[in-house]
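Work through these exercises with the model open beside you. Try each task before reading its solution.

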Amino acid sequence: ACLYVHDPTTIISGNSETFNFSATVPQQGCNLTWQFETRDLTFPNTGAVQYLSDSTSVDSAPPFLEKTIGEPKYTDDQGNLYIMENTPITFTAKDVTNDQQCTPSGLNYCEYRYKINDGAFNDWQKMDLVGPNDEGNYTFTFNFTENSKHDLEYRCFDNAGNKTEGSETDYVETVPPETTKEFLCPDGSDDCFNIEDGVEWIDTVTTVGLNAVDPQPHPSGVDKTWYANVVLESEDKWGSCYNPQDSCQPVLDSPYNGENTECINRTQDYCTENLENDDWGSWEDCVEKFVYKGCGVSQDWKLYRGEPISKDEESCHVLQFFSVDNVGNTEEMNTNCFFVDKTQPEIEKTVGDPKLECEEDQECDYFIGSNTPITLTCEDVGDHPSNDVTIFWQYKVDEGNGFGDWKEFSENSNKVEFTFPENSMHELEYWCVDAVGKESPHYTEFDKVDGDKPI
């Protein structure tokens, strides 16, 4: 026991005095007993002692305080935490003691504050704690409503003045990804597709690339891109491609609706955790197989693997695509309608007058004059002609010393007319190309030009 003596004070009979003292107590302990005494120094009660006892316990342990983040959430490789506006943030608090035999002083209050995008902190806000539950825990749940960076601070106090505190930075991300489509030609040019007044044509060698980005201000990153390609075989539906501004509409429902979304997310988590243990060719293969089988997703939907999509069927195509970011924001459906044209154009040549057909042993096709018109006509044929044809022709002249160099010509037209000005044998080669790079066969003709008057 420790003895503490107050400075001697004489209290006049009939009066009273209040006095304070300081004492050192153990770091922990239950029901510590305090005994107070006063002694009477006056007659007739000289030496009489009055005792008063009290007890207390020591609470030096800070409260238990835990913060949990619900779903959806995502933590990147740098440890940044991304959540959405509907992600619940829950605090669980309980007062505890170092000595399990003692009763803690009790939870007094908890509070939190945060600042947005490195601005100033708002005022401390008391948590409206709910509880206690069967385990003695109190809880408080809230969510952020601003799409921004949040620096969060929180703390709890017990009745003995002990404090627990913590902090965290959360990025609230509600902006979905943006996905764009591009046509790609094998040689890197733009000769294998044509876009005119909003109507699009591509060749079967043309591939389709999808590029997805997660925009600012706080991108969590693109998680995946889904796409589906529907071929409209019926001619009465080709208006989707001929008039895409008004008629191009989705054919398939999005796989992200209602229970499908949760099922897809569970499947994705399973494939991520078990990819190395199971014999899957890729994560995408795993996800596709299980969502087709277990989530009711149409097998027309595919995960984009970063490799351009090939289109080998000639018709009107409806391409639907969208992306999902790492925290679960889902892009609105994109729908693109376009024709695939794989039919070669056809070219015809007409030789005007004057002309005379060559005999078999004359090694030519026609005798013509220098004013004889030669007409080339190109037509893009098939159910979905891309048109916008270009006619190519070239010729070389043999003036008795062998054929010289080619003279090359082209015209973006479906009809051209020309003459040969030189008096000599001409080798003519001609062909045409449509708007998506489909090329007709090359044809050759030998014409002997005689522009001199008879003698």
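**Exercise 1.** In which loop is Asn 45 found?

*Solution.* This is a predicted model, where local features need pLDDT of at least 70, side-chain atom pairs count only at pLDDT 80 or more, and totals for chains, interfaces and linings use all residues. Residues are numbered from 1 along each chain as its sequence is written, and side-chain values use heavy atoms, with hydrogens and water left out.

Start with the strands, which are DSSP runs of E of at least two residues, numbered from the N terminus. Asn 45 sits in the loop between strand 1 (29-39) and strand 2 (49-58). Next, take its accessibility. Asn 45 is partly exposed because its relative accessibility is 43%; buried means under 20% relative accessible area, exposed over 50%, and partly exposed in between (1.4 Å probe, protein chains only). Finally, take a distance: 104 Å separates the C-alpha atoms of Asn 45 and Pro 250, which are 205 residues apart along the chain.

**Exercise 2.** Classify the ring pair of Phe 91 and Tyr 154: how far apart are the centres, and at what angle are the planes?

*Solution.* A pair of aromatic rings is described by the distance of the centres and the angle of the planes. Rings of Phe, Tyr and Trp (its six-membered ring) pair if their centres lie within 6.5 Å; planes under 30 degrees apart count as stacked, over 60 as edge-to-face and the rest as tilted. The whole structure holds 26 aromatic pairs. For Phe 91 and Tyr 154, the centres are 5.0 Å apart and the planes stand at 55 degrees, so this pair is tilted.

Now place the partners. Phe 91 is in strand 6 (residues 89-94) and Tyr 154 in strand 10 (residues 149-158), so the pair links distant parts of the chain, 63 residues apart. Phe 91 is buried, at 1% relative accessible area. Tyr 154 is buried too, at 11%.

**Exercise 3.** What is phi of Asp 197, and what is phi of Asp 388?

*Solution.* For Asp 197, phi is near 55 degrees, a positive value in a residue other than glycine. Asp 197 is in the loop between strand 13 (193-196) and strand 14 (199-202). Its relative accessible area is 68%, so Asp 197 is exposed.

For Asp 388, phi is near 50 degrees, again positive in a residue other than glycine. Asp 388 lies in the loop between strand 24 (374-379) and strand 25. Asp 388 is partly exposed, with a relative accessible area of 38%.

Terms used:
Helix = DSSP H or I, 4+ residues; strand = E, 2+ residues; numbered from the N terminus.
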